[in-house]
Amino acid sequence: MLTRVLSAALVGIEPYLVEVEVDLAGGLPAYQLVGLPAAATVEGKVRIRGALENSGFKVPPRKVSVNLAPADVRKDGAAFDLPIAVGIAVAAGLAPADLLADVLLLGELSLDGSIKPVRGALPVAAFARARRARGLILPAACAAEAAVVDGVAVYAARALGEVLAFLAGAGELPRARPAPAGPGPAAPPADFSEVRGQAAAKRALEIAAAGGHNVILVGEPGCGKTMLARRLPSILPALEVEETLAVSTVHSVAGLLGGAGLVAERPFRAPHHSISPAGLVGGGPQCRPGEVSLAHHGVLFLDELPEFARPALEALRQPLEDRHVTIVRARRAVTFPAAFTLVAAANPCPCGHCGSELRACTCSPLQIARYRARLSGPLLDRIDLHVPVAPIPYAELAGAAAGEGSAAIRDRVVRAREIQRRRLAPYGLYCNAQMTTGLLASECAVDALGDEALRRAVGRDGLSARGVDRVRKVARTIADLRGAARLRGADVILALQYRALDRDDVDQPWRPRLEGAGFAAGATSPPSPAAGSAPTGLPGCATLGGAAAVSS
């Protein structure tokens with residue numbers, strides 16, 4: 001007898017329908033599985049036989065043939081154990097086959113018949129709703145995360161015997177209820193009020209949060225780079241409904257939800273520098289999402305950036321530019337979302353004290369040059385804000401006065417994001433970092449002062465065309481934080497100060513090259529080229545520790 005059971009599998013984060021065809025025929029007892037199954041799927045015959053027999057069902061001594069259609073797509077994982085076992089039972093006459101019509105089944109079986117959780121329950125539930133399926137039978141451990149999808153009945157099964165009894169009309173499967181949002185942090189969240197000093201770096205992170213820009217913090221060991229980076233999520237806006245579903249889908253595919261419901265907070269991923277390219281951007285034998293996708297709509301923090309393997313760093317180029325990553329294999333191409341904010345931290349040299357006024361650097365010029373060469377120019381060109389972080393004097397470090405808290409900074413970030421959302425909504429965008437080149441002319445028009453600053457940055461400092469676009473986007477974010485409708489020249493110059501850092505200067509690494517771009521304080525028009533040799537202050541800007549902050 002031939003039976004068809006519906007199931008689903010994933011290509012990246014996209015589910016597709018799999019028809020499990022089971023045929024019991026005469027002949028010597030045998031089990032044959034076709035349809036490009038992977039090793040874990042083939043090994044399921046041992047789990048299926050043990051689960052059926054330990055659930056009180058005797059496998060008939062027949063020739064069992066199983067086909068997983070479509071047959072030209074590789075099937076991986078143990079999620080087909082449950083539909084194959086049910087197909088064998090129905091083909092043997094345990095239950096009428098019409099009960100399986102438009103019902104999807106997924107689950108990994110244990111030898112005792114219990115059902116273990118599988119990856120991707122959330123996107124499979126959305127897929128079942130799109131197909132208008134009558135129901136979805138899932139392991140109880142992951143059914144709650146699928147139940148958040150309205151419009152499809154999700155049944156939670158703990159053992160194969162429960163499913164067989166349900167199909168035979170001798171029992172009921174409970175309807176799964178949506179799981180609550182994932183638990184919040186166990187400890188109080190990190191707050192910017194705990195950071196002493198570092199006004200320029202805090203301002204840069206505020207700009208990064210407001211516009212979705214990438215940032216690199218460069219400074220001596222122990223000066224607060226990691227402390228600053230780990231507090232960036234505390235000033236990011238809360239996840240929107242669509243963002244919550246997108247983040248939860250990626251985590252479900254990666255098997256990280258654990259039945260805890262939707263992800264409630266923006267993700268913060270901080271992989272070790274020994275990570276492989278596949279671990280960072282995704283891939284591997286089963287084509288799993290990498291850290292850039294797990295940080296979708298959140299923060300990817302790469303501490304000690306030059307210590308990462310060069311292939312892993314270079315693999316970041318496409319997701320930083322396109323906000324998604326496409327992994328091409330011989331038979332298919334898989335696309336994962338990767339709209340993350342990159343926060344990187346680096347030392348100026350191997351010992352970390354190059355340019356320090358307190359400790360002598362022990363590195364030779366050749367060692368420093370090799371260390372900085374680990375970060376390629378194309379990668380750094382995709383990072384919008386390059387921020388030097390200086391050590392804090394003890395008097396300021398031991399001061400009793402707390403810095404500005406994350407709540408106040410977050411309020412400004414939320415207001416700036418709302419301005420961007422209203423402006424960019426017609427284009428399907430929500431933050432300045434997403435703007436295309438075609439939008440810059442209308443949304444990031446610069447005045448004569450800003451135009452002259454960009455011209456001189458391109459001519460004197462070699463700012464690339466991509467760099468010009470990114471500077472204009474950062475300047476637009478600075479204006480949004482001020483609540484201004486138009487860019488000022490000072491906004492452009494401030495964006496240039498945060499970007500144009502000379503990493504090749506051995507004595508003062510990653511120091512600003514502009515320092516005001518040669519514009520005198522209070523200037524209303526671009527100076528002559530001769531006047532640019534002695535940089536001074538900027539209208540509306542104040543230099544802080546080699547960077548700048550907008551005056552209110």
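Helix H4 is followed by Arg-132, whose phi is positive, near 60°. Helices (H or I, at least four residues) and strands (E, at least two) are DSSP runs, numbered from the N terminus. The structure is a predicted model, in which local features need pLDDT of at least 70 and side-chain atom pairs count only at pLDDT 80 or more, while totals for chains, interfaces and linings use all residues. Residues are numbered from 1 along each chain as its sequence is written, and side-chain values use heavy atoms, with hydrogens and water left out.

H4 is largely enclosed by the rest of the structure, because seven of its 10 residues are buried (under 20% relative accessible area, 1.4 Å probe, protein chains only). These are Ala-121, Leu-122, Pro-123, Val-124, Ala-125, Phe-127 and Ala-128. Their cover includes strands E1 (2-11), E2 (14-25), E5 (103-105) and E8 (135-139), as well as helices H5 (140-146) and H9.

H4 (residues 121-130) packs against H9 (residues 241-253) at an angle of about 115°, with the axes 7 Å apart; axes are lines fitted to C-alpha atoms over the stretch in contact, and angles run from 0 to 180 degrees between N-to-C directions. On the H4 side, Ala-121, Leu-122 and Pro-123 meet Leu-245, Ser-248, Thr-249, Ser-252 and Val-253 of H9 (contact: heavy atoms within 4.5 Å).

The chain averages a pLDDT (the predictor's confidence in each residue, from 0 to 100) of 85, and 89% of the residues score at least 70. Among the elements of the chain, mean pLDDT is lowest in strand E19 (residues 541-544), at 35, and highest in strand E12 (residues 299-302), at 97. Over residues 512-552 pLDDT stays under 50.

Key
Buried < 20%, exposed > 50% of the residue type's maximum accessible area, 1.4 Å probe, protein only.
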